[in-house]
Amino acid sequence: MSEARHGACRLPVEVGVKALDIDGITALAHDLGLPGFRAAQIVRWVYGRGARSFAEMSDLPADLRAVLSARMPLPFPEVLERQMSADGTRKYLLRLADGVTVETVGLPAGDRLTVCFSTQAGCAMGCSFCATGAAGLTRDLGPGEIVDQVRVVGEDFGLRATNAVAMGQGEPFANYDATLSALRLMNSSLGLGIGARHLTVSTCGLLDGIRRFASEPEQFTLAVSLHSAIQETRNRLMPGVRGVSLLALRESLIDYSRLTGRRPSLEYALIEGTNDTPKELEALVEFCRGLLVHVNLIPVNPIVGSPLRRPDATRADEFVRTLARSGTEASVRAERGADIDAACGQLRQRADI
Ligand code: SAH
Ligand code: SF4
């Protein structure tokens with residue numbers, strides 16, 4: 001495969017402009033000897049308006065449009081499949097410029113539209129309860145490929161996305177630079193104009209990523225997938241982060257709140273007989289004691305070929321009540337889109353297309 005270097009990540013050349021963020025487009029404009037305002041115009045066309053070609057950029061001179069078209073491709077994802085859930089959730093299978101596919105989910109609720117987007121095609125972390133992890137990592141996505149998912153969903157609903165969460169395929173902090181660039185493009189008034197607090201990253205707990213994220217100037221929201229506060233259980237469930245000690249993870253959460261003043265969420269997928277036992281609950285209570293966090297309990301969603309089951313609803317309620325008694329806010333996350341395999345952890349790598 002022919003590849004080019006775009007900043008820190010290696011992406012296929014077909015990704016073209018979608019490998020570039022605001023700085024990348026600014027550098028391109030500079031290379032071409034253009035005045036500064038041209039970069040902002042191009043960013044607005046590509047990310048604010050979702051232009052499908054340079055030709056339609058009507059306020060750029062015709063010769064510049066021709067130069068840009070010759071310089072690099074401007075791809076846009078193709079919707080290969082769209083599935084609609086009875087609850088209004090829609091799941092999209094998107095084909096990227098080099099033929100790689102990713103899944104994206106749109107979740108409407110009242111006047112809100114939340115997009116659950118992917119940051120990688122596949123994932124290298126191999127969590128035992130997650131369909132994405134099963135097939136491994138295909139490749140990182142470029143910033144524009146991440147932003148485009150939010151655009152595709154917004155256009156399909158005929159609405160502006162109000163919230164976006166990096167909870168689709170992939171580990172966002174394993175593709176940190178592109179993820180941050182994408183969040184900035186979603187946040188920018190030249191891009192999608194979504195408020196920073198309405199942009200959330202969920203990580204399996206990569207400590208460097210949490211540290212860097214805490215020092216970013218924007219008020220993006222952080223979610224950390226915990227799934228067990230007992231090291232041995234967590235190592236088994238999440239082999240990709242078995243090198244991350246719970247003690248260090250807890251420290252990083254303390255630092256994060258101290259530096260940002262914000263409250264991260266902890267994701268906890270309840271799996272019957274694995275992390276829903278009294279011992280696990282006790283460890284979770286101790287882990288959270290004194291932390292500024294909100295615990296999201298998610299009865300594990302079934303995935304093909306996995307024997308893992310969710311406990312009955314009373315167990316989740318018991319977790320919420322016990323955490324509340326020790327001063328930790330917790331809630332059970334309402335399940336969306338499970339009938340179309342669009343719920344958390346059900347997005348898989350599709351090799352069959
Ligand atoms: N890689 C990141 C973000 C994508 S996964 C992460 O792991 O945080 C988004 C969320 O769905 C994570 O909290 C993940 O642990 C959770 N998840 C994965 N598989 C699940 C399943 N089968 N049931 C419920 N939640 C699941
Ligand atoms: Fe990757 Fe997150 Fe799935 Fe784990 S839960 S395999 S980190 S996408």
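## Basis of the description

A residue is taken to be near a molecule if one of its heavy atoms lies within 4 Å of that molecule. By this criterion, the residues around ligand 2 are Cys-123, Met-125, Gly-126, Cys-127, Cys-130, Gly-133, Gly-170 and Cys-204.

The model is predicted: local features need pLDDT of at least 70 and side-chain atom pairs count only at pLDDT 80 or more, whereas totals for chains, interfaces and linings use all residues. Residues are numbered from 1 along each chain as its sequence is written, chains are lettered from A and ligands numbered from 1 in the order in which they are written, and side-chain values use heavy atoms, with hydrogens and water left out.

## Ligand 1 and its shell

Ligand 1 is surrounded by 20 residues, and the closest are Phe-129, Gly-170, Ser-202, Ser-225 and His-227. In the classes used here, Ala, Val, Leu, Ile, Met, Phe, Trp, Tyr, Cys and Pro are nonpolar, Asp, Glu, Lys and Arg are charged, and the others, Gly among them, are polar. The shell around ligand 1 accordingly comprises 10 nonpolar, 8 polar and 2 charged residues. Two strands, β10 (199–203) and β12 (265–270), each supply at least two residues of this shell; strands (E, at least two residues) and helices (H or I, at least four) are DSSP runs numbered from the N terminus.

Polar contacts are pairs of N or O atoms within 3.5 Å. A polar side-chain atom of Ser-202 is 2.7 Å from an oxygen atom of ligand 1. Nitrogen atoms of the ligand take part as well: one lies 3.3 Å from an N or O atom in the side chain of Glu-171, and a backbone N or O atom of Asn-301 is 2.9 Å from a nitrogen atom of ligand 1. On its own, ligand 1 has 530 Å² of accessible area (Shrake-Rupley method, 1.4 Å probe), and the protein covers 96% of this area.

A cavity is a set of points, on a 1 Å grid over the protein atoms alone, where a 1.4 Å probe fits but cannot get out; lining residues have an atom within 4 Å of a point. The whole structure contains 2 cavities of 30 Å³ or more, a volume being the space filled by probe spheres set on points joined across faces, edges and corners. The largest cavity holds about 510 Å³ of space and is the space taken by ligand 1. Ligand 2 also sits in the largest cavity, in that more than half of its atoms lie within 2 Å of the grid points. The shell of ligand 2 has 5 nonpolar, 3 polar and no charged residues.

The lining of the largest cavity consists of 32 residues, with Phe-129, Cys-130, Ser-225, His-227 and Gly-345 nearest its centre. Helix α4 (131–134) and strands β10, β12 and β13 (294–299) each supply at least two lining residues. The second largest cavity, of about 50 Å³, is lined by Lys-18, Pro-75, Phe-76, Pro-77, Leu-96, Ala-97, Glu-145 and Asp-148.

## The largest pocket

A pocket is an open set of points with protein on both sides within 12 Å along at least five of seven lines. The largest pocket has a volume of about 750 Å³. Of its 30 lining residues, Leu-107, Thr-114, Val-165, Met-167 and Arg-333 lie nearest the centre. Strand β6 gives the most to this lining, with 4 residues. By class, the lining of the largest pocket has 15 nonpolar, 9 polar and 6 charged residues.

Definitions and conventions:
Polar contact = N/O pair within 3.5 Å; in protein donor to acceptor, adjacent residues only side chain to side chain.
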